[in-house]
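These are my notebook entries on one protein chain. I kept them in the order in which I looked things up.

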Amino acid sequence: MKLKVYADRLSQPVRAVIIFCEVNGIDYEEIKVDLANREHLTPEFAEINPMQQLPAIVHGSFKLFESHAILIYIASSFPGVADHWYPADVYKRSKIHSVLDWHHSNLRRGPTLSKTESFWLDDNRPFLLGQNQPSIADLILVCDIMQIKLVGETDWNRLLGPYKKVQQWIENTRNATNPHFDELHKVLKELKEKLQN
């Protein structure tokens with residue numbers, strides 16, 4: 001049974017889920033749900049996700065929404081996903097949950113880059129929590145921060161300029177997940193150009 005991912009690539013959490021699937025070779029079908037045309041508010045989509053938000057998945061008869069839950073499910077359910085994404089070690093896994101919970105109560109309400117830089121990033125390691133490889137937490141947070149690209153390079157540089165470790169971490173995550181990262185984030189450039197016109 002093929003995983004179905006209900007998606008609009010303008011959504012940061014959608015991009016994280018799709019990048020994760022691509023990087024890990026997950027066989028999935030992307031079902032486009034156009035947020036601009038309010039397709040997520042249809043009764044048909046409410047059958048998939050009663051909260052009527054993206055992303056959502058269907059895997060056989062199993063339906064799930066909320067990006068963190070989806071990433072955890074995929075990392076735990078599909079063979080071949082490297083352990084660094086969602087470690088079996090309960091201590092490491094708990095730390096990832098800590099970042100994911102912090103994400104919902106902090107970063108999604110506004111970029112708290114100083115906390116990311118001073119607390120979650122270690123000087124000697126390229127990823128969150130002092131890890132050498134990315135986790136689902138790295139992917140979800142970086143995709144959220146990338147949304148700042150919509151405001152333009154000047155504001156991107158102004159907002160991220162003081163945070164050299166954050167900038168390097170974004171680049172590390174991008175490099176670890178390319179070419180999928182760049183492909184999925186093209187939508188931001190396209191939207192920015194559309195908004196400017």
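I began with P55, which I found in the loop between α2 (43–48) and β3 (56–59). I take helices (H or I, at least four residues) and strands (E, at least two) as DSSP runs, numbered from the N terminus. The peptide bond that joins L54 and P55 is cis, with omega at about 0 degrees. I placed Q52 in the loop between α2 and β3 as well. Q52 is a residue other than glycine, yet its phi is positive, near 60 degrees.

I should record the basis of these entries. The model is predicted, so I required pLDDT of at least 70 for local features and 80 or more for side-chain atom pairs, while totals for chains, interfaces and linings use all residues. Residues are numbered from 1 along each chain as its sequence is written, and side-chain values use heavy atoms, with hydrogens and water left out.

Next I looked up another cis peptide bond, from N178 to P179, where omega is near 10 degrees. P179 sits in the loop between α8 and α9.

I then turned to L129, in the loop between α5 (113–120) and α6. L129 is not a glycine, but its phi is positive, about 60 degrees. For exposure I use relative accessible area: buried is under 20%, exposed is over 50%, and partly exposed lies in between (1.4 Å probe, protein chains only). L129 counts as partly exposed because its relative accessibility is 24%.

I checked N175, which belongs to helix α8. Its relative accessible area is 45%, so N175 is partly exposed. I also took the C-alpha to C-alpha separation of N175 and I72: 22 Å in space, against 103 residues in sequence.

How many of its twelve residues are buried? I counted ten, so to speak of α1 as mostly covered is in order. The buried residues of α1 include P13, V17, I18 and F20. They pack against β1 (3–7), β2 (28–32), α3 (67–77), α6 (136–146), α8 (164–177) and α9 (180–196). Contact here means heavy atoms within 4.5 Å. I compared the length of α1 (residues 12–23) with expectation: at 1.5 Å a residue it should span 16 Å, and its end C-alpha atoms are 16 Å apart, which agrees. The expected span is 1.5 Å times one less than the number of residues. Just after α1, G25 has a positive phi of about 65 degrees.

I listed nine helices and four strands, in the order β-α-β-α-β-β-α-α-α-α-α-α-α along the sequence. Along the principal axes, the C-alpha atoms fill a box of roughly 50 × 45 × 30 Å. Of the 197 residues, 45% count as buried. Among contacts between residues at least 6 apart in sequence, 64% join residues at least 24 apart. The protein exposes about 10300 Å², of which carbon and sulfur atoms supply 49%; I note that accessible areas come from the Shrake-Rupley method with a 1.4 Å probe.
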